[in-house]
Amino acid sequence: MDNKRRDFLRKSALLGLAGITTNLISEEKLNALDNLAAKTTDGGKYSLPALPYAYNALEPFIDEQTMKLHHDKHHQAYVDKLNKALETYTGDTTWEGIFSQASKIDVAIRNNGGGHYNHSLFWQLMKSNPKGEANLPAGKLMDAIIAEFNTFDIFKKEFSEKSLKVFGSGWCWLIEQKGKLKIITTPNQDNPLMDCASDKGKPILCLDVWEHAYYLKYQNKRTDYISAWWNVINWQLAENQFISE
Ligand code: MN3
């Protein structure tokens, strides 16, 4: 991105010119996301971030074997393939650079870049809750959920239904779009920061509904996996994400 456009984005974001920046994510918001998405590089390459908890920390809702396979094999493969695809790429390799060009670049960069970013976010947005104690958002995020969906249960139902309906492989997201919360889904490893997303916004929460995320424990029963996931959402981090600029 050239300096002029970067400046424009920054000023537009500061002035809150939502009408003009409708389809753009401000640089400030991307920077906040980077903290969650572990934009870790190793000698100029992307690297796999460690899980922020033990492999068995999400038991009994998400099992240790699934976490090992999902993180160590699937996520690692996205990182490796992303680095490989970037070897011959001469464009901007930051998240902002990759996502703003997602519809035009090598599909291997789009798929594996999304794969790396989305999973990094997904791990962070879960936490241990072995006894399945009540797990609800609080503060400004809860206020915004109530304002948008009326009750938390309506929000939960809508999010669960949309997650269930993702055809094939993809993700379900809670995003902030023009100051409002919205539930959207993306196919494959696309995300709401990409230029190709039908709905763009800042990710607040995400759920991986690829079969590799649940089939070891839940087989084909995606609905049981979705129900279990509500127990391990890290709402504190989701709220931090929501209120960050
Ligand atoms: Mn996955």
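Modeller: Happy to! Accessible areas here come from the Shrake-Rupley method with a 1.4 Å probe. For the protein chain that gives an accessible surface of about 11600 Å², with 51% of it belonging to carbon and sulfur atoms. Keep in mind that this is a predicted model.

Biologist: How do you know how confident the predictor was in the protein chain?

Modeller: The pLDDT, on a scale from 0 to 100, expresses that confidence for each residue. The protein chain averages 87, and 82% of the residues score at least 70. Helix 7 (residues 152-165) has the highest confidence, at a mean of 98, while helix 1 (residues 3-15) has the lowest, at 39. Over residues 1-23 the pLDDT is below 50, and this stretch has 19 contacts in the model beyond near neighbours in sequence.

Biologist: What makes Phe 149 count as buried?

Modeller: Buried means under 20% relative accessible area. Phe 149 has 9%, so it counts as buried. Phe 149 belongs to helix 6 (residues 139-149). Beyond its neighbours within four places in sequence, its contacts include Leu 174, Leu 181 and Ile 183.

Biologist: And why are Asp 199 and Lys 182 said to form a salt bridge?

Modeller: The rule asks for a side-chain nitrogen of Lys or Arg within 4 Å of a carboxyl oxygen of Asp or Glu. Here the N to O distance is 3.1 Å, so the pair qualifies. Asp 199 lies in the loop between strand 4 (180-187) and strand 5, and Lys 182 in strand 4, so the bridge ties together parts 17 residues apart in sequence.

Biologist: Are those two partners buried or partly exposed?

Modeller: One of each! Asp 199, at 19% relative accessibility, counts as buried, whereas Lys 182, at 31%, counts as partly exposed.

Biologist: What makes Lys 45, Lys 84 and Glu 87 one network?

Modeller: Salt bridges that share partners join them. Lys 45 pairs with Glu 87, with the closest N and O atoms 3.9 Å apart, and the side chains of Glu 87 and Lys 84 meet at 3.8 Å. Both values are within 4 Å, so both pairs pass the rule. Lys 45 is partly exposed, with a relative accessible area of 41%, while Glu 87 and Lys 84 are exposed. By this rule the count comes to 9 salt bridges.

Biologist: How do you know that strand 3 and strand 5 pair?

Modeller: Pairing takes at least two bridges between two strands. Strand 3 (residues 170-177) and strand 5 run antiparallel and are joined by 6, so they are a pair. Glu 176 stands opposite Lys 202 in strand 5. Strand 5 is also mostly covered, with 7 of its 7 residues buried.

Methods:
Residues are numbered from 1 along each chain as its sequence is written. This is a predicted model: local features need pLDDT of at least 70, side-chain atom pairs count only at pLDDT 80 or more; totals for chains, interfaces and linings use all residues. Side-chain values use heavy atoms; hydrogens and water are left out. Buried means under 20% relative accessible area, exposed over 50%, partly exposed in between (1.4 Å probe, protein chains only). Helices (H or I, at least four residues) and strands (E, at least two) are DSSP runs, numbered from the N terminus. Contact means heavy atoms within 4.5 Å.
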